[in-house]
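Please look through the model shown here with its strands, its helix contacts and its ligand in mind. The paragraphs after it take these topics in turn.

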Amino acid sequence: MARLGLERNVVDQRVLDRTITRLAEESVLLPTLGQLADPATIPAGVRQRLVDIDPDVANPLNLYRVHWFNDAARRGFTDVPAYVELPSELTGVKARIVLALGNRFPMIRAHKVLAAYGCLVPRLVTGQFDPGHHKAVWPSTGNYCRGGVAISRILGCRGVAVLPENMSRERFDWLDQWVIDRSDVIKTPGSESNVKEIYDECARLDRDADNIIFNQFCEFGNYLVHRSCTGAALDKLFEAITRDRPGSKLAAFVSASGSSGTLAAGDHLKERRGTKIVAVEASECPTLLENGFGEHNIQGIGDKHVPYIHNVMNTDLVAGVSDTDTDRLIVLFNTEVGRTYLVERRGLDPQLVADLSNLGLSSLCNMLAAIKTAKYFDMGPDDVIVTVATDGADMYLSEIDKVVKRDFGNRFDTVAAGETWGRSLAAASTSDLIEMTHVDRKRVFNLGYFTWVEQQGVAIEDFKARMKQSFWDGLLDLVPAWDDMIAAVNAKSGAAAKLGL
Ligand SMILES: Cc1ncc(COP(=O)(O)O)c(C=O)c1O
């Protein structure tokens with residue numbers, strides 16, 4: 001159980017003492033999960049200090065920006081998470097589709113730095129990770145390892161990124177700048193959906209006791225940080241955009257699943273508002289839809305397995321989105337020809353068109369899945385579908401070049417823009433979509449057995465316990481327990497006083 005990050009008591013006091021010394025030396029003050037869920041509770045002194053700190057450097061106070069409430073300049077906070085609402089002229093559906101923007105997060109411009117913090121902080125405050133001695137290993141299909149490396153830098157420790165070799169060049173460029181040693185970037189064979197190869201590399205690294213693996217696919221810290229922080233943020237967003245529209249309903253929460261961490265926000269929203277939870281995957285690799293396999297390019301949503309922290313029995317729909325469509329839409333939304341087409345031929349607001357650059361490949365996948373969901377349920381204007389834009393298009397500029405070459409004969413013109421609109425957006429249908437019955441849920445749940453029990457050695461009783469909602473709800477009291485431990489560690493390290501706060 002300790003491996004899965006469920007400890008609520010100190011595991012090794014000597015490690016914790018050394019950690020506290022390190023935090024004092026590096027002047028690292030740790031935010032609580034409560035503060036990240038509701039940044040209005042972050043002390044005014046910290047907020048003031050942040051105004052002068054670059055959001056993209058390894059400054060410890062940037063940990064206080066690891067939440068959904070950063071403003072456009074990423075210097076100050078907002079009351080409501082930044083978002084883009086897509087109009088019916090774009091989506092072709094009446095339901096309101098709203099994406100919360102992950103690229104406001106610090107250092108990596110993606111919300112996965114929150115998952116990295118959620119996995120790390122319980123280990124830190126329970127004395128299971130010694131930043132002065134251990135290396136932090138971050139297995140990832142893209143952004144999580146960047147978040148982990150960024151936080152490792154803040155702690156002054158080695159952070160090792162493990163990710164597939166075919167991820168976008170922009171990710172590797174970022175990692176080259178941030179790792180302490182180039183050998184800390186480990187490329188595993190294959191692409192996005194080759195998660196098993198990542199596990200195998202982690203098993204190899206795990207043989208060295210100095211490596212601590214923060215496996216986002218099975219760490220409940222990832223689940224909890226998203227259920228409590230992302231869930232609360234999206235709930236606040238829904239409240240803000242429906243204040244003047246009584247009768248609105250938070251009809252669905254849509255999230256493409258990599259580790260399934262983000263999907264945990266759906267558990268919060270469903271509990272509060274009866275929201276349906278839609279898990280999304282690439283139709284080229286239909287693991288949840290068909291127990292299938294395959295390659296795809298929706299970077300960040302690795303597949304061919306069911307993450308341990310996916311609350312499958314609470315998932316209402318599974319939707320498949322083709323990577324051909326996400327590849328082509330990123331070209332339509334981020335080229336001069338495409339933007340001109342959207343404004344002049346489709347009559348879209350130029351500001352909205354400019355805002356579409358906040359949507360990376362998996363964000364476009366979420367957008368298409370939201371459209372499919374709205375069509376499937378015949379949703380109307382009172383129905384709101386909330387989803388996330390994990391990162392922006394700037395992470396994929398090199399991919400845009402590749403797609404223009406591969407799919408458009410190296411020339412993306414107005415005809416190609418029109419074709420892309422018709423084929424990849426307007427044609428979004430209810431195909432590749434399952435409304436989960438109890439039997440469907442059990443089928444997907446049981447598929448996880450092969451990864452977790454057979455390959456990774458999880459005890460069968462632990463595996464099966466996750467069938468019940470009470471198991472997931474029962475995890476929630478870890479959040480205040482960890483927050484109390486974080487507060488105690490901060491008090492002992494004296495980092496606040498060192499920072500003059
Ligand atoms: C770009 C991108 N989109 C989506 C996801 C999936 O999010 P989650 O792991 O929370 O399911 C990730 C995860 O790394 C990602 O990097």
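Which residue in S8 stands opposite Ala-256? Val-280 in S8 stands opposite Ala-256. The model is a predicted one, in which local features need pLDDT of at least 70 and side-chain atom pairs count only at pLDDT 80 or more, whereas totals for chains, interfaces and linings use all residues. Residues are numbered from 1 along each chain as its sequence is written.

Strand S7 (residues 249–256) and strand S8 (residues 276–282) are paired in the parallel sense over five bridges, where two strands pair if DSSP finds at least two bridges between them, and where helices (H or I, at least four residues) and strands (E, at least two) are DSSP runs numbered from the N terminus. Strands of a sheet pair, in general, through backbone hydrogen bonds, either parallel or antiparallel. An open sheet of seven strands shows mixed pairing and runs in the order S1-S2-S10-S7-S8-S9-S11. Its edge strands, each pairing on one side only, are strand S1 (83–86) and strand S11 (433–435).

Among the helices, H6 (143–155) and H7 (residues 169–178) pack at an angle of about 15°, their axes 10 Å apart; axes are lines fitted to C-alpha atoms, for helices over the stretch in contact, and angles run from 0 to 180 degrees between N-to-C directions. H6 is therefore roughly parallel to H7, given that angles under 35 degrees count as roughly parallel, over 145 as roughly antiparallel, 65 to 115 as roughly perpendicular and the rest as oblique. In this pair Arg-146, Val-149, Ala-150 and Arg-153 of H6 meet Arg-171, Trp-174, Leu-175 and Trp-178 of H7, contact being counted if the C-beta atoms of two residues, placed from the backbone, lie within 7 Å.

The axes of H5 (112–125) and H21 (residues 478–493) come within 9 Å and cross at roughly 60°, so that H5 is oblique to H21. This contact is made by Val-121, Pro-122 and Val-125 of H5 together with Trp-482, Met-485, Ile-486 and Val-489 of H21. By class it has seven nonpolar, no polar and no charged residues, where Ala, Val, Leu, Ile, Met, Phe, Trp, Tyr, Cys and Pro count as nonpolar, Asp, Glu, Lys and Arg as charged, and the others, Gly among them, as polar.

H5 and H6 each also supply at least two residues of the shell around the ligand. The residues of that shell divide into four nonpolar, 15 polar and two charged.
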